[in-house]
Amino acid sequence: MENESGEWITHGVRPDDPRCIHDTDQLLRIIDEVGFLPLFDCGIPGASVEERTVPDFWWTGDEKNDPWEWRRIIAGSGKAAYGKFFDKKAGFVSLAWFPRLINARRDGYDFEGWWEDGKATKRARSIMNLFDTRDELFSFDIKKLAGFGKDGEKNFDGTVTELMMRTFLTVKDFQMRLNRQGQPYGWHIAVYAPPEHIWGEDYVNRAETEKPDDSRARIRNHLRSLYPDIPEKLLTGVFGI
């Protein structure tokens, strides 16, 4: 996706292209197959959802055909991890590969250890503290409860993105707000949660028996098998390994 004269242009394929992804089931199969799938064009040919879907279907609100809606459906299903995992940009990681990405990105730490070793900011700590007593939170609730806003802490979006890049947070779902009558209204809004609260501690720690460097090497070798001709610098930059 790129901005041309103030207009965002999505690049993709025709519906009859054999590379075209047509629904959420097919998208999930692709995620499971490749393991790591950015949402938008990342500079690696064919490595994103955008490049394998029909441009005219984006942002139509049609759950059957709109990849923007598919990301909401898949995030809420728990069948893949969704968040800003790719150079601070959004995408999917399969459940088979996510524990290794967690081990690699966290470098063997949990958040408390990350904080105690001075690797986390106070802003990140204020956000993660909220999940000590809550399983999930809307983005606007996190912002308010963690003290961000006009007269409070700055860089809310950047802090949440960094927590996702480190795999301490992920997008659990997209939901509408509820009015006083309990009826949904407005746009679907991101709901965040630690991976532990979605898939459990045992799943998150599945790769902890191997060294973080070994997890990184396994991921790198897998990606190199998918994209053998991509320069190492680009591959590392996009996938953070």
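1. Starting with β6: this strand is joined to β8 (residues 184-193) by two bridges, and the two run antiparallel. Strands here are DSSP runs of E of at least two residues, helices are runs of H or I of at least four, and both are numbered from the N terminus; two strands pair if DSSP finds at least two bridges between them. In this pairing, L137 sits opposite Y192 of β8.

2. A word on the source: this is a predicted model, where local features need pLDDT of at least 70, side-chain atom pairs count only at pLDDT 80 or more, and totals for chains, interfaces and linings use all residues. Residues are numbered from 1 along each chain as its sequence is written, and side-chain values use heavy atoms, with hydrogens and water left out.

3. Back to the sheet: it is open, three-stranded and antiparallel, with the order β6-β8-β7. The edges are β6 (137-138) and β7 (170-178); each has a single partner strand, so one side of each has no neighbour in the sheet. Helix α2 (residues 67-77) packs on this sheet, touching β7 and β8, where contact means heavy atoms within 4.5 Å. The direction of α2 makes about 110° with that of β7; axes are lines fitted to C-alpha atoms, for helices over the stretch in contact, and angles run from 0 to 180 degrees between N-to-C directions.

4. There's another open sheet of three strands, ordered β3-β5-β4 with antiparallel pairing. Neighbouring strands are turned by 30° against each other on average, direction ignored. The β4 pairing with β5 (residues 89-94) covers six bridges, and K84 stands opposite A90 in β5.

5. Now the helix pair I'd look at: α3 (residues 98-106) packs with α10 (residues 212-226) at about 130°, axes 8 Å apart. The two are therefore oblique to each other (under 35 degrees is roughly parallel, over 145 roughly antiparallel, 65 to 115 roughly perpendicular, the rest oblique). On the α3 side the contact uses R100, L101, N103 and A104, and on the α10 side P212, S215, R216, R218 and I219.

6. Finally, α3 itself: eight of its nine residues are buried, so it is largely enclosed by the rest of the structure. Buried means under 20% relative accessible area, exposed over 50%, partly exposed in between (1.4 Å probe, protein chains only). Among the buried ones are F98, I102 and R105. Just past α3, D107 has a positive phi of about 55°.
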